[in-house]
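Trainee: I have not looked at this one before. Can you take me through it a bit at a time?

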Amino acid sequence: MRTGLLLLVISLTGRPALDAAQDAEWSERFRTEVAPFLEQTCLKCHSGEKPEGGLNLTSREHLLRGGDSGQVIDPDAPDESLLLSAIRYEGPEMPPNGRVSDQQIRLLADWIRGGTVWPADREKLQAPAAHSAPQVNAEARRHWSFQPVKRPQVPATDQGWEINEIDHFIAAGLQKRGLKAAPRAAPQTLVRRAGYGLLGLPPDQELQREFVSNPDSAAWRALIDALLASPHYGEHWGRHWLDLVRYAETNSYERDGAKPYVWRYRDYVISAFNDDVPYDQFLMEQLAGDELSQVTANSIVATGYYRLGRWDDEPADPELAVFDDLDDILTVTSQTMLGLTVNCARCHDHKIDPVPQQDYYRMLAFFRGIRRYGVRSEDSVRQASLMEIDRPEDEQVYAAALVRYETELMRLDEELDKLAQRVTPLFSDVEQEEFRHEMNRIPLIRKHANGVLNQRELQKYERLTGQRRTHLDSRPSALAQALSVREDVAGMQPTWVLLRGNPHVRGDEVQPGFPEVLSPPEPELLKSLNPETSGRRLALAKWITDPANPLTARVMVNRIWQYHFGRGLVRTASDFGFQGERPTHPELLDWLASEFVQRNWSIAEMHRLIMHSAVYQFSSAGDPQALESDPLNESCWRFDMRRLSAEELRDSILAVSGVLNLDQVFGPSIYSAIPDEVKAGQSRPGSGWGVSPPEQEFRRSIYIHVKRSLPDPLLERFDMADTDQTCPVRFNTTQPTQALALMNSEFVQQQAGLFAERLQQMHPHGTPRQLVRSGLQLVMQRAPTSDETAAGVALLTGLQEEEQLSPEDALRFFCLTALNLSEFIFVD
């Protein structure tokens with residue numbers, strides 16, 4: 001009887017009978033999981049008057065009816081349903097643009113087995129509407145990051161481990177999820193974490209001993225203050241900023257020529273972090289350092305920000321090249337300082353964020369007066385981008401520049417003399433005298449060139465004469481020079497909306513303005529105090545650094561959090577728009593942003609606030625319940641382990657081998673040793689890459705010359721920043737070439753040898769145990785255990801006894817192995 005009733009129900013309804021609870025469960029799952037899947041994946045083709053294959057999936061009735069191939073649901077054998085075969089790619093393959101995930105296949109299979117429940121309130125599904133650009137309206141303005149920063153109330157929690165306000169916000173989130181916080185990390189772990197977090201270097205052994213012997217809160221504060229006072233703090237945190245502004249020292253493209261004196265910008269950034277320059281001032285100097293009421297040498301150097309991008313010195317379309325350069329500046333400025341992808345509206349309205357194309361060109365108008373970095377020649381770069389600053393030039397830098405100047409002048413004179421000597425014998429005595437004056441040389445050569453110089457040689461003489469004249473005007477000055485921004489106020493063109501981004505198809509003219517969705521004020525375009533500038537960039541800088549701007553402080557505190565914890569509270573650090581991820585802890589983000597402004601935009605104060613928290617001091621140890629519930633650590637229940645960055649790894653290897661030069665800071669960049677095989681990949685092998693003496697070569701990685709077409713091989717393999725575009729987050733790849741580089745590269749082999757020499761100097765007649773213990777102590781920044789020491793001794797003796805290596809070679813291979821330990825490469 002029951003079987004007959006079940007068959008009757010199936011025949012009448014097309015699905016097996018479910019009890020009320022099961023029906024309610026599947027009705028809800030249909031609304032939240034199945035319907036969205038069908039709408040987003042299937043209905044683009046399987047809806048409307050003429051659905052693909054005659055199969056309409058907008059209603060249960062149509063689904064059960066099937067299509068041209070027959071029924072797609074088999075109630076008697078659900079797992080053999082044609083619909084499942086199609087999405088499993090076991091017959092007809094649907095969707096045709098790529099197989100859906102296994103999770104989605106399981107969902108649909110379970111739904112069909114459960115009787116294809118289809119609640120009445122979703123009787124007919126709708127195909128997704130064609131996407132249109134978001135409008136700037138009240139709804140768009142309600143997006144979380146477009147709202148003013150409001151200081152939230154700190155949650156009242158009492159978990160027993162909270163130290164400051166940050167901990168209360170995190171504790172509240174953990175309570176909601178029923179998770180426990182990780183315990184405090186071991187003292188040795190905390191010292192190493194702080195050393196790399198602030199300096200990017202292994203911790204000083206004396207500081208480590210002091211803290212480990214008494215790891216209380218006062219000692220922790222003293223340790224952080226000592227690290228922040230180090231000149232090497234700015235080298236590490238300055239590197240983070242250089243990632244964002246795509247810092248490089250060459251122009252890219254075929255010639256990839258050097259950018260003169262660009263290293264002064266790098267030094268400016270390092271100094272700004274060391275001096276804890278308020279972040280709003282830091283931005284103001286870079287955006288408008290030449291338009292401030294008090295222009296200084298530093299503020300001029302800061303405007304080198306505008307000269308860091310690529311430069312095409314032979315563009316096929318010069319007008320397009322101008323707007324490519326401006327787009328590059330706008331992209332970096334909007335993403336780095338505001339967390340907005342305004343650049344996506346260059347050719348049309350932004351497809352995802354409420355940024356119309358007109359807003360893009362209004363923002364671009366702030367930069368419209370900037371002169372290009374140069375026009376075709378290096379001499380034009382000097383005229384457009386170099387400026388003397390009120391600072392004596394370093395003697396060595398001046399001497400080197402003078403040598404380069406004299407060498408180039410000598411070359412030009414030699415080439416001109418070779419051509420002139422073929423013509424001057426034809427001159428009269430009077431002409432010989434006149435030829436001594438430069439203004440007469442080209443006319444006299446032209447007069448007598450016929451039959452002596454061909455047309456090509458004559459043109460070469462004229463070109464070289466022009467180059468010599470320009471070169472004479474570029475004699476190095478005893479005053480320092482800096483790469484900086486220049487404007488052409490008199491020749492500044494209006495700004496038009498460019499249809500489809502094409503500079504040759506102009507639309508409406510626009511004036512400087514801010515993104516409308518942020519409800520900004522109109523720009524206050526005052527007359528610039530600098531007669532050579534328009535004042536537009538100063539107006540932009542004032543708006544970006546206004547405490548009322550909803551984005552600037554949020555974006556920067558999120559970056560500070562990211563650089564300490566590996567990921568920001570907003571994972572998409574340079575995209576706070578609609579496509580970006582929402583913050584995991586929105587109240588904490590806003591509290592930090594308001595605190596940042598209240599603390600005078602001090603980045604050092606934010607370091608203290610974050611590092612003094614219990615959250616920063618959590619262990620990285622796993623917890624089964626937390627790993628099951630929150631495997632990505634969204635709730636910050638523990639500290640995430642991370643690999644050393646490329647620069648940290650190289651600097652740490654140099655530190656362990658004992659040759660890292662920390663005494664010299666600032667100044668012109670140095671050249672690391674690059675194998676000839678790598679240089680062979682250049683169009684002109686080795687061009688633009690010099691040789692530095694060992695003490696210079698072993699300086700910190702931030703001082704290595706950044707040549708776009710020839711990156712340092714070790715840094716490149718370990719995911720150094722992309723220099724062609726802003727880099728908010730470094731890739732963290734795992735590749736075979738990384739292991740090969742740490743074992744076989746010339747650099748690591750060299751450093752392993754120097755490391756071995758250091759150990760031999762520490763223990764001239766040392767036992768294997770002494771050598772191993774000291775080596776592991778240097779690598780791991782802690783005392784090795786007895787088992788670790790025994791394993792090292794076994795390796796050392798085995799290399800000598802089994803491989804027949806000399807004691808020196810065995811020690812070198814032990815050192816090479818130690819430099820490959822995970823504990824050395826990762827920060828816990």
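Mentor: Keep in mind that this is a predicted model. We can start with the cavities: a search of the whole structure turns up four of 30 Å³ or more.

Trainee: What volume does the largest cavity have?

Mentor: The largest cavity has a volume of about 90 Å³.

Trainee: And which residues line the largest cavity?

Mentor: Its lining includes W561, F565, R567, G568 and R571. V615, N633, C636, R638, F639 and D640 are also part of the lining of the largest cavity. Sorted by class, that lining has five nonpolar, two polar and four charged residues.

Trainee: How much space lies in the second largest cavity?

Mentor: The second largest cavity holds about 50 Å³ of space. R193, G197, Y563, H564, Y616, F639, R642 and V827 line the second largest cavity. Two elements, α8 (187-198) and α23 (552-565), each give two or more residues to that lining.

Trainee: What is the lining of the second largest cavity by class?

Mentor: By class, there are four nonpolar, two polar and two charged residues in the lining of the second largest cavity.

Trainee: Different topic. Where does D719 lie?

Mentor: D719 lies in the loop between α30 (713-717) and α31 (736-744).

Trainee: Buried or exposed, that D719?

Mentor: D719 has a relative accessible area of 11%, so D719 is buried. The cut-off for buried is under 20%.

Trainee: What does the side chain of D719 join up with in a polar contact?

Mentor: The side chains of D719 and R643 are joined by a polar contact of 2.8 Å. Leaving out residues up to four places away in sequence, D719 touches R643, R730, F731, N732, T733, Q735 and Q738.

Trainee: There is another loop residue on my list, P503. Where is the place of P503?

Mentor: P503 is in the loop between β3 (495-498) and β4 (506-510). P503 counts as buried because its relative accessible area is 6%.

Trainee: Which residues does P503 touch?

Mentor: Not counting residues up to four places away in sequence, P503 touches E319, L320, F323 and L498.

Trainee: On to helices. How many residues of α13 are buried?

Mentor: Eight of the ten residues in α13 (residues 279-288) are buried, and the helix is mostly covered. The buried residues are Y279, F282, L283, M284, E285, Q286, L287 and A288.

Trainee: Which helix does Q777 lie in?

Mentor: Q777 is in helix α33 (residues 768-780). Its relative accessibility is 28%, so Q777 counts as partly exposed.

Trainee: What is Q777 in contact with?

Mentor: Setting aside neighbours within four places in sequence, Q777 is in contact with R782, A783 and P784. The C-alpha atoms of Q777 and A140 are separated by 56 Å, and the two are 637 residues apart along the chain.

Trainee: Last topic, cysteines. How many disulfides does the count come to?

Mentor: The count comes to zero disulfides. C42, for one, is in no disulfide, and the nearest cysteine sulfur, that of C45, is 8.9 Å away. C42 is buried, with a relative accessible area of 11%.

Definitions and conventions:
Residues are numbered from 1 along each chain as its sequence is written. This is a predicted model: local features need pLDDT of at least 70, side-chain atom pairs count only at pLDDT 80 or more; totals for chains, interfaces and linings use all residues. Side-chain values use heavy atoms; hydrogens and water are left out. Helices (H or I, at least four residues) and strands (E, at least two) are DSSP runs, numbered from the N terminus. Buried means under 20% relative accessible area, exposed over 50%, partly exposed in between (1.4 Å probe, protein chains only). A polar contact is a pair of N or O atoms within 3.5 Å; within protein, one must be able to donate a hydrogen and the other to accept it, and residues adjacent in sequence count only if both atoms are side-chain atoms. Contact means heavy atoms within 4.5 Å. On a 1 Å grid over the protein atoms alone, a cavity is a set of points where a 1.4 Å probe fits but cannot get out, and a pocket is an open set with protein on both sides within 12 Å along at least five of seven lines; lining residues have an atom within 4 Å of a point. Grid points are joined across faces, edges and corners, and a volume is the space filled by probe spheres set on the points. Ala, Val, Leu, Ile, Met, Phe, Trp, Tyr, Cys and Pro count as nonpolar, Asp, Glu, Lys and Arg as charged, and the others, Gly among them, as polar. A disulfide is a pair of cysteine sulfur atoms within 2.5 Å.
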